Amino acid sequence: MLLIKCPFCGPRPELEFSYGGEAHIARPQDPMALDDEQWTKYLYIRGNPRGVHAERWRHINGCGRFFNARRNTVSDEFLETYLMGESPAQVAENAGRPPEGGAVR
Amino acid sequence: MTRYSVFSLLRAGLSGHSNWSRQWRSPEPKPSYDVIIVGGGGHGLATAFYLAERYGVRNVAVLEKGWIGGGNTGRNTTIIRSNYLFDESARLYDHALKLWEGLTNSLNYNVMYSPRGVLMLAHNVHDVQSFKRHVHANRLNGVDNEWLSPAECKEYCPPLNVGGQMRYPILGGALQRRGGTARHDAVAWGYARGADTRGVDIIENCEVLGIRRAASGEVEGVETTRGYIGARKIGVVAAGNTSVVMNMAGIRLPLESFPLQALVSEPVKPAFPCVVMSNTIHAYISQSDKGELVIGAGTDAYTSYSQRGALHIANHTLDAICELAPMFRRLRMLRNWGGVVDVTPDRSPIIAKTPVPGLYLNCGWGTGGFKATPGSGDLFAWTIAKNEPHPINAPFTIERFREGVMIDEAAAAAVAH
């Protein structure tokens with residue numbers, strides 16, 4: 001079970017959270033302007049990286065709030081959690097870290 | 001190649017079984033091939049086998065980054081059935097089931113296909129209505145599936161807790177008698193041996209690092225850990241790693257990869273006569289010929305390539321199994337493992353051509369790919385050989401997500417399967 005650091009409540013077990021899928025997929029400002037290709041991309045196409053993944057979590061059995069996280073999908077290690085609306089920061093300890101086995105080539 | 005028979009067994013027995021020949025060669029890669037299959041799991045090996053056997057394409061290589069059958073083919077619960085709701089799915093999975101029925105003979109390899117029946121249990125009114133709908137839809141498609149009352153479920157599978165204390169009691173079940181199990185390793189090895197005999201090169205420990213394309217867009221070959229290998233056509237059958245491989249050709253897909261767990265118990269005497277599935281309380285259980293209970297658990301909530309799942313996922317399934325079959329409560333579990341499965345938004349697979357000329361894709365089998373192995377291989381081989389889909393896999397395109405023509409087995413079954 002993962003230990004996830006909620007930005008509001010601190011580290012808590014995975015069971016308190018629900019997963020919210022890939023982060024930073026913005027809902028289209030003007031949906032009517034989108035063609036089928038753009039809709040497909042928004043609704044269905046996912047990066048699914050083997051390596052660092054930006055994703056949403058919700059502390060559903062806690063404070064109930066959404067937040068973002070970056071996690072390595074090979075080791076399941078969390079690199080950082082950050083607030084909704086924020087961009088992923090380059091965490092200092094992450095710089096210079098070699099990509100874990102099989103990072104996206 | 002030694003043809004396996006009672007006589008070859010006797011002959012080898014006379015020399016103490018010390019002179020069996022290798023089942024497939026370990027060749028160096030040639031400079032180029034007509035077709036390269038990326039991924040040496042069951043589906044990839046079956047594709048190579050049928051390319052050589054049925055469609056006359058013998059200059060084929062299967063590239064596997066690990067060893068044959070070391071991925072999801074060796075990491076599943078080996079359940080075989082075809083009682084899917086929608087017409088497209090029923091045709092697809094029943095095509096596979098018909099091939100399963102003759103597979104041991106056509107491969108000259110005992111895949112231990114055992115049609116012991118797959119019983120899907122209903123635990124609430126919605127289940128009952130949904131499964132009866134399945135039974136009727138299947139009958140119209142010529143797929144066997146029948147409704148059993150709780151007493152009939154108990155008769156078919158005596159260990160079940162029918163009528164006892166249970167949070168979600170058994171209200172009946174849908175039984176597909178042709179469904180069952182097969183020996184997963186034998187499926188991989190049998191297809192590998194059959195393909196190798198027909199001239200296919202099976203190249204293990206050879207990871208694909210890049211896909212090379214000509215200026216005009218079509219594929220030229222693959223960069224691998226064992227050097228560059230040319231190819232006129234490339235078929236990608238990389239399961240959980242499909243997104244990674246297809247990224248090399250600049251294609252992004254509607255896929256997410258999740259760890260799916262299975263576990264086995266200590267071996268016990270034959271006690272469980274069939275396969276029992278319960279989508280609602282999430283338990284999948286059968287007994288192997290070695291006597292172990294083979295148990296399927298769920299996927300983790302989050303995408304991951306870790307090939308291991310969280311313990312609470314397995315625990316959840318064991319809770320359900322202790323309710324379903326109380327006599328197993330004191331069984332100890334021997335080992336568990338996880339495989340990385342690629343899941344599409346509608347939980348149906350993709351077997352199709354791609355926007356890149358010469359590049360073909362077979363993926364998205366999610367949590368239930370093993371049962372489709374022979375059919376998937378046959379249809380994918382057809383698609384590659386003829387450069388057009390077989391009528392059975394024609395609906396399973398990538399474009400269905402753009403066009404909205406989903407084959408929505410996710411909603412039909414309420415869970416991944």
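Buried area is the accessible area, taken with a 1.4 Å probe, that two parts lose on being put together, summed over both. The model shown in these views is predicted.

**View 1. The interface between chain B and chain A.**
Chain B and chain A bury about 2,400 Å² between them. Carbon and sulfur atoms carry 52% of this area. B:Tyr302, B:Tyr305 and B:Arg402 supply 27% of the area that chain B buries against chain A, more than any other three residues. In terms of contacts, 26 residues of chain B meet 25 residues of chain A.

**View 2. A four-stranded open sheet in chain A.**
The strands of this sheet in chain A follow the order S3-S4-S5-S6, and their pairing is antiparallel. Strand S3 (18–22) and strand S6 (78–82) of chain A stand at the edges with a single partner strand each, so one side of each has no neighbour in the sheet. From one strand to the next, the twist averages 30°. Strands of a sheet pair through backbone hydrogen bonds.

**View 3. The pairing of strands S4 and S5 in chain A.**
Strand S4 (residues 52–58) and strand S5 (residues 66–72) of chain A run antiparallel and are joined by seven bridges. A:Trp57 lies in strand S4 of chain A, and the bridge partner of A:Trp57 in S5(A) is A:Phe67. The C-alpha atoms of A:Trp57 and A:Asn68 are separated by 6.1 Å, and these residues are 11 residues apart along the chain.

**View 4. The surroundings of A:Trp57.**
A:Trp57 counts as buried because its relative accessibility is 1%, and buried means under 20%. Leaving aside residues up to four places away in sequence, A:Trp57 touches several residues of chain A, among them A:Leu2, A:Ile4, A:Phe17, A:Tyr19, A:Phe66, A:Phe67 and A:Phe78. The side chain of A:Trp57 makes a polar contact of 2.8 Å with the side chain of A:Glu55.

**View 5. Helix H9 of chain B.**
Helix H9 of chain B (residues 373–386) has 14 residues. From its first C-alpha to its last, H9(B) reaches 20 Å, close to the 20 Å expected at 1.5 Å a residue. H9(B) is mostly covered, with 11 of its 14 residues buried. The buried residues include B:Pro374, B:Leu379, B:Phe380, B:Ala381 and B:Ile384. After H9(B) comes B:Asn387, which has a positive phi near 55°.

Methods: Residues numbered from 1 in each chain as written. Chains lettered and ligands numbered in written order. Predicted model: local features only at pLDDT ≥ 70, side-chain atom pairs only at ≥ 80, totals over all residues. Heavy atoms only, no water. Helix = DSSP H or I, 4+ residues; strand = E, 2+ residues; numbered from the N terminus. Expected span 1.5 Å × (residues − 1). Buried < 20%, exposed > 50% of the residue type's maximum accessible area, 1.4 Å probe, protein only. Pairing = 2+ DSSP bridges. Axes fitted to C-alpha atoms, helices over the stretch in contact; angles between N-to-C directions. Contact = heavy atoms within 4.5 Å. Polar contact = N/O pair within 3.5 Å; in protein donor to acceptor, adjacent residues only side chain to side chain.
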